[in-house]
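User: Good morning. Could you walk me through this structure, please?
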Amino acid sequence: MTKVPYKIYLSENEVPKYWYNIKAVMKKKPEPMLDPGTLKPIEKDALKQILCSELVEQEFNTTDKYIEIPEGIREFYRMIRPSPLIRAYCLEKHLNTPAEIYYKFEGTNTSGSHKLNSAAAQVYYAKEQGLTSLTTETGAGQWGTALAMACAFYGIDLTVYMVKVSAQQKPYRKAVIETYGGKVYPSPSDTTEAGRKILKENPNTTGSLGCAISEAIEVALKKENCRYVLGSVMDHVILHQTIIGQETKAACEKYGIQPDIIIGCCGGGSNFGGLIAPFMGEKIEGKNNIQFIGVEPASCPSFTRGKFAYDFGDTGKTTPLIKMYTLGSGYIPSPNHAGGLRYHGISPILSQLYHDGYFEVRTAEQTKVFEAATTFARCEGILPAPESSHAIKVAMDEAVKCRETGEKKTIIFGLSGTGYFDLSAYMSYNDGTMTDYIPTDEDLEKGFSSIPSLNLT
Ligand SMILES: *Cc1c(COP(=O)(O)O)cnc(C)c1O
């Protein structure tokens, strides 16, 4: 076996050419999406009015374990991938742990996160279909940025509905999106019926992801040759993100690394799902016994305190019904600094796996997360995104446990992105004004009351 280098970069011909479709190996598949009108499983054709056709095909694919990445997407991936798998020697030393810690770093591209992996794929398929424009929503701005980069590359127009509070807090994100040619509207806006309705009811609202989704879908339905794309939650997004897990697995096999624990942060579930998928597939097949740990913010605990139920993906209740762990589409999380983790629901694939006991989820409080982020930055040199730092926090906890028990575990975590656009969050941590917010049961009840009660036969 070759000696493990500090940073593992696969060579071009070692980079996997296939995504991994975990649904093909899941014993219990996720429940189908339902049409909210009829409560029957939604038809592909209905979904193709909103989403790109090939992405709908992928969404429904439960049989092909490997799906080839088209050459037109691999061309883009060659610019931004492979991402490195890095051995956290300095952090290990700092923690004085016998554990080996590795992290898969997705923040090396300009958009600064893993989201570009799916953005590139989605825009490629839109172009192949002959579409001319796309709409989307963005919360913290990472998805909008990634999509703008992909749209510039493939030559597609882009309109982004950006949650108003984020557009105000992160003017630089907006500037990057505009530099790549995207048009940004703070949401709610007066450009859609959904936006006007929300503004009328609540003129001072700072917006929410759910509301921005409603606006973006409305435009996609009304405009010719336009579709709506989204950056997490959906099965096809998880599929594209499995390039992270595929590369990680190839690197592990090349150097004989056998992970005991794999950790990732969970917003809608795409980076965690993508990282663990090929390893989880083998766990389902009885070939490994890896412990998988998802981490979510204590302020938006979709898995650990949510309900496994059919719910809408957006506040405006325009999406199909999705069976997932949810806090209710009406749940408005407190303004936590990990913007990318503020979604009421979570991937149906991960929801089903979690429900069936294949992995555990922990919550982390914001100040503890920034404490871990700061330690990590000082040891490893990388300024991590607040979202990713949830995974760092739990990886450090596990490494400290190893110090106490003397176990030499191998821990891998997903470092989903960089924190250069999150400096106001770091400022509030540094000057001591950052607070922790944990919703009460009463707060959660309000969200739960927005989950539709269905009479499913
Ligand atoms: C968007 C985002 C997340 C959360 O989204 P997932 O779909 O759960 O991966 C996590 N980290 C970063 C850096 C993000 O931009």
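Analyst: First, a term: helices (H or I, at least four residues) and strands (E, at least two) are DSSP runs, numbered from the N terminus. Leu39 lies in the loop between β2 (18–20) and α1 (44–47). Although Leu39 is not a glycine, its phi is positive, about 60°.

User: What kind of model is this, and how are residues numbered?
Analyst: This is a predicted model, in which local features need pLDDT of at least 70 and side-chain atom pairs count only at pLDDT 80 or more, while totals for chains, interfaces and linings use all residues. Residues are numbered from 1 along each chain as its sequence is written, and side-chain values use heavy atoms, with hydrogens and water left out.

User: Now the ligand. Which residues come nearest?
Analyst: Lys115, Ser232, Ser270, Asn271 and Ser416 come nearest, of the 19 residues around the ligand. A residue counts as near if one of its heavy atoms lies within 4 Å of the molecule.

User: Which side chains have a polar atom at 2.7 Å from a ligand oxygen?
Analyst: Ser270 has a polar side-chain atom 2.7 Å from an oxygen atom of the ligand, and Asn271 also has one 2.7 Å from a ligand oxygen. For Lys115, an N or O atom of the side chain is 2.6 Å from an oxygen atom of the ligand. A polar contact here is a pair of N or O atoms within 3.5 Å.

User: Which helices supply at least two residues of that shell?
Analyst: Those are α12 (270–284) and α16 (386–405).

User: And what is the shell made of, by class?
Analyst: The shell has 4 nonpolar, 13 polar and 2 charged residues. Ala, Val, Leu, Ile, Met, Phe, Trp, Tyr, Cys and Pro count as nonpolar, Asp, Glu, Lys and Arg as charged, and the others, Gly among them, as polar.

User: Let us turn to the sheet. In what order do the strands run?
Analyst: The open sheet has 7 strands in the order β1-β4-β5-β15-β10-β11-β14, with mixed pairing. At its edges are β1 (7–8) and β14 (360–364), each pairing on one side only. Two strands pair if DSSP finds at least two bridges between them.

User: How many bridges join β5 and β15?
Analyst: Strand β5 (residues 100–105) and strand β15 (residues 410–415) pair in the parallel sense over 6 bridges. Tyr103 stands opposite Phe413 in β15.

User: Finally, where are the cis peptide bonds?
Analyst: One joins Arg81 and Pro82, with omega about -5°; Pro82 is in the loop between α3 (71–80) and β4 (85–87). Another runs from Ser187 to Pro188, with omega near 5°, and Pro188 is in the loop between β8 (183–187) and α9 (193–201).

Definitions and conventions: A polar contact is a pair of N or O atoms within 3.5 Å; within protein, one must be able to donate a hydrogen and the other to accept it, and residues adjacent in sequence count only if both atoms are side-chain atoms.
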